Structure formats: structure tokens, C-alpha cells
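Reader: I would like to learn how to read a model of this kind with some care, going from its confidence scores to single residues. Could we take the features one at a time?

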There are 2 protein chains.
Amino acid sequence: MRSVVVFYLCFLLCVGLGLACIICVCVWNSHWRGGFAWDGTAQQFNWHPVLMVTGLVVVYGIAAVLYRIPLTWGQNKLPWKLLHAALMFITLVLSIVGLCAVFDFHNANNISNLYSLHSWIGIAATALFALQWVVGVAGFLLPCSPVSLRKLLKPVHVWMGGSILSLSIVACISGINEKLFFVLKGTINGTQPYSKLPLEALLGNSLGVLIVAFGLVVLRILSNQNWQRQDSRPEDSAYTPLPQEEND
Amino acid sequence: MRSVVVFYLCFLLCVGLGLACIICVCVWNSHWRGGFAWDGTAQQFNWHPVLMVTGLVVVYGIAAVLYRIPLTWGQNKLPWKLLHAALMFITLVLSIVGLCAVFDFHNANNISNLYSLHSWIGIAATALFALQWVVGVAGFLLPCSPVSLRKLLKPVHVWMGGSILSLSIVACISGINEKLFFVLKGTINGTQPYSKLPLEALLGNSLGVLIVAFGLVVLRILSNQNWQRQDSRPEDSAYTPLPQEEND
């Protein structure tokens, strides 16, 4: 019982941090970065951080801990699998549109694509996630997929899931850091420099801290064996979360 | 037997990636960034990436997987605890000197300290690590520390350990990304711009990829329950790695 209460407190913290991330990235880009458009200007770029943080961090993280909700344990797993896949599909769409926003903006302004370390890590995270989603649907949702294949896939799927979230957070932090240096240049573009920590810098840094905190809480939830679904079906026997502990 | 062979292959990969990280960061800063000094110039700054990557990523990561080496399983744990603590002490010294290098450089050049997101994440990683080391020595090495305290501390120590490595990697990637934008400015400082991916950019990006790969391998090793030390002493019963799987 204590374990269930602690889970819901952690889950509440996770949802709260996730919402704070979304609010923070939206306020930053709407209020401080000039809002949104799809016209090749910096306003198009602004969709990039909003969609990547919302998709590949927040929705992804919530979808990852879905099976841990005690409410779902006694129920048929299929609807929860469908919800997991559907939320991950939303993540996939948000992150692809988020990538289109930045590629389009770069192309419209003759800026090279995929040269920075941020972009290398970010594109790797998105590509691995797309692969993970396709293999996940084929392996765990198609009725023709054999139990032996599911058993083989599960630890890989779980491991990849945690790694993709980690890559995604690394990409977000390097991206926010880079963006704040780009836009807060002091006298060069008439802003207060990043080094003086104006309000926008505090907001951007806080967004970074919130994203890291959200990621740590998600991985903490996944790490607790007491919060794992106790399912005796064969395809579930190999299911273990990426980071898992014996004790609460 | 197969599990032991796979462990040593993973451990070899881990050591190989770690060495590659150290070589890469040293070559970058000695050959491309002008080498090392302790005189308040950019050459003093160069110690910062070298010491942080060597300390808070590579030595830290190797020290973290030490207990997983099958060779150590049947032996008295104390010498391995001492080696773990000693390697972590080396990490602590390297990271403190690495921080002094950048603070000194900033102070000598009237550059503000601790304003960027990179610095916030990095200082949090180092501060948490210093706390973790002190609490670890007091809790697990001092003979007067009661078994009940060790039992309580272990899951927290293990969880913090993985979180600190993750924070450290996030700080490294954002730092390398930031540095490459700072120094590869094109016509402004007579270099080839980052966007043209000159050799230095490729080297820096590769260093970032190697650091991420090293981190994922370390967390993968920690995640495998088969590679956990099977110790029946009371203070070990609560010891479970941060990320752990039931199956190999």
C-alpha cells in the first residue's frame, strides 16, 4: 500500500514536472522569442524546441511509465499497449514536425544542417526512436508476432527506451544552451548578454533543469521493481525495465 | 560462462571507449586548442575539458562497474571497496582541479562564472558527486557505520551514482557543443566555421559521440543482474544497481 502511495506521488511529480517543461518552453518561445509561424523565419524555428521538448521528452516519458500505474496491473494489457503505442505515435509525429521546422528554417536561411554535436545527438535520438516505434509495433502489437520473438525483443526494447530518453535529454540541454548563447549576445544584437543572466536566460536555464529533473524522475519510476506489472503471460516474463531496483 | 564472456567483452568495450575519450579530448586541446598552461590564458581553460572528461566520465565510469568484474566476486569485498573509493577520490581531485582551471580562467579574463545551463548542470554534477563521495566513505567504509544505515544508504548511493554520471555526460555534451561554437566562428576569428565541419569540429563531435557511447555501455553493464556481485552479507542485501535487468 505504501509503495502504491509513493508511486502516485512520484507519478504526480513526473506529470507536474512534464507540464512545467511544456509551459516553460512555450512561454520562452512565444513571449521571449517572438511566437510561432511557418514561414522560414525565426518564428518557424520556435516550433523546434516546443515540439521536441513536448514530444521526445514529456509525452515520451509519460508513455514510458504507463505500465507502472498500479490501476492498470489487474487489467488486460492490450488497451494499455495500444495507449502506449498511440502516445509514442504522437511523440513521433511531434518530433518529425519539430525536425521539419528546423530543417525548413535552415534551408530558407542558407544555414547548414546537421553539423553541431547537438544536431548529431538529436538526430540519432529521433532516428533510433522511429526504429524503436516500428519494431515495437511489429513485435508487440501484430498478432502474427511469435511469443519467442517478443521475449527476445523485450529487454532490447526496454534498454533502447531508456537510452533514447537519455539521448533526447542530452540533445535538449545542448540545444537550449546553444540557443541562449545565439540570442543573448549583448551589444552585438542589443540584448542583455547571457552572462548577465537576464530573465530569458533564467527561464531557459530553468527549463533545462526541469527537463533533467523530469528525466531523472521517469528513470527512477522505471527503476523500481515494486512498480512493475506482475504479468504471468509468456510474453511478459522477459519484460524488465531498463533501470530497476529490488527495494523501494 | 557465456554471461562472463559477454561481461568481459562489454568491459573491454567500456575501457576502449574510455581510452578513446581521453585520447580524443587530449588531442583536441593539445593539438587544436594550443596546449596547456596555468597562467589565466585559454591554455589554462584547456585543462577543464581534459580533466572533467577524464575524471567525471571515464575514471568515474570504470570505478562504477568495478564490483561487476567476475574476478572479484569470490573475494573479500573490502579491497574492492577501497579501490572504488580511491578511484572516486581521483575523480574528485581531477574534477575539482578541472573546475579551478575554468574559474581561474574566467576570473583572469573578467568572464562571469556559472551563468550558462552547461555550468549549472556541471556544477550540480560535481557538487552531488562530492556529497556522494563523503557520504559513501562515511557510510560504507567507516567501521562504526551500522549495518542498518548501510542498508538504507545503498539504494540511494546506487541511484545517485547513475544520476551523477548522466548529469556529467549532459554537462560534457553541452560544453563541447558550446566550445565548438565559441572557437569555430569563421571569418570573425579566421577559422573555418563550425557549420563547414572542419577537422576540429569532426574531432569535437566524435568526442561527444564517444562520451555518450561510453555512458550507455557503463549503464548497460550496471543494468545486468547476472553481473551483480552475489554477496550474502547483510549490508549487501540491499545492494542493487541503478539500472538492472532480469535477463542477460
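Reader: What is the mean pLDDT of chain A, and what percentage of its residues reach 70 or more?

Author: This is a predicted model, and pLDDT is the predictor's confidence in each residue, from 0 to 100. For chain A the mean is 92, with 93% of the residues reaching 70 or more. The scores for the model as a whole are ipTM 0.92 and pTM 0.93.

Reader: Is A:Val209 buried, partly exposed or exposed?

Author: The term buried applies under 20% relative accessible area and exposed applies over 50%, with partly exposed in between. A:Val209 has a relative accessible area of 38%, so it is partly exposed. This residue belongs to helix α7 of chain A, which covers residues 199-223. Beyond its neighbours within four places in sequence, A:Val209 is in contact with B:Leu117 and B:Trp120.

Reader: How does B:Asn205 count by accessibility, as buried or exposed?

Author: With the cut-off for buried set at under 20%, B:Asn205 counts as buried because its relative accessibility is 0%. Its place is in helix α7 of chain B, residues 199-223. Neighbours within four places aside, B:Asn205 is in contact with A:Tyr115, A:Ser116, A:Leu117 and A:Trp120 from chain A, and with B:Leu180, B:Tyr194 and B:Leu197 from chain B. Furthermore, a polar atom of the B:Asn205 side chain lies 3.4 Å from the backbone nitrogen of A:Leu117.

Reader: Which residues does A:Asn205 touch, not counting residues up to four places away in sequence?

Author: In chain A they are A:Leu180, A:Tyr194 and A:Leu197, while in chain B they are B:Tyr115, B:Ser116, B:Leu117 and B:Trp120. A:Asn205 is found in helix α7 of chain A, and at 0% relative accessibility A:Asn205 counts as buried.

Conventions:
Residues numbered from 1 in each chain as written. Chains lettered and ligands numbered in written order. Predicted model: local features only at pLDDT ≥ 70, side-chain atom pairs only at ≥ 80, totals over all residues. Heavy atoms only, no water. Helix = DSSP H or I, 4+ residues; strand = E, 2+ residues; numbered from the N terminus. Buried < 20%, exposed > 50% of the residue type's maximum accessible area, 1.4 Å probe, protein only. Contact = heavy atoms within 4.5 Å. Polar contact = N/O pair within 3.5 Å; in protein donor to acceptor, adjacent residues only side chain to side chain.
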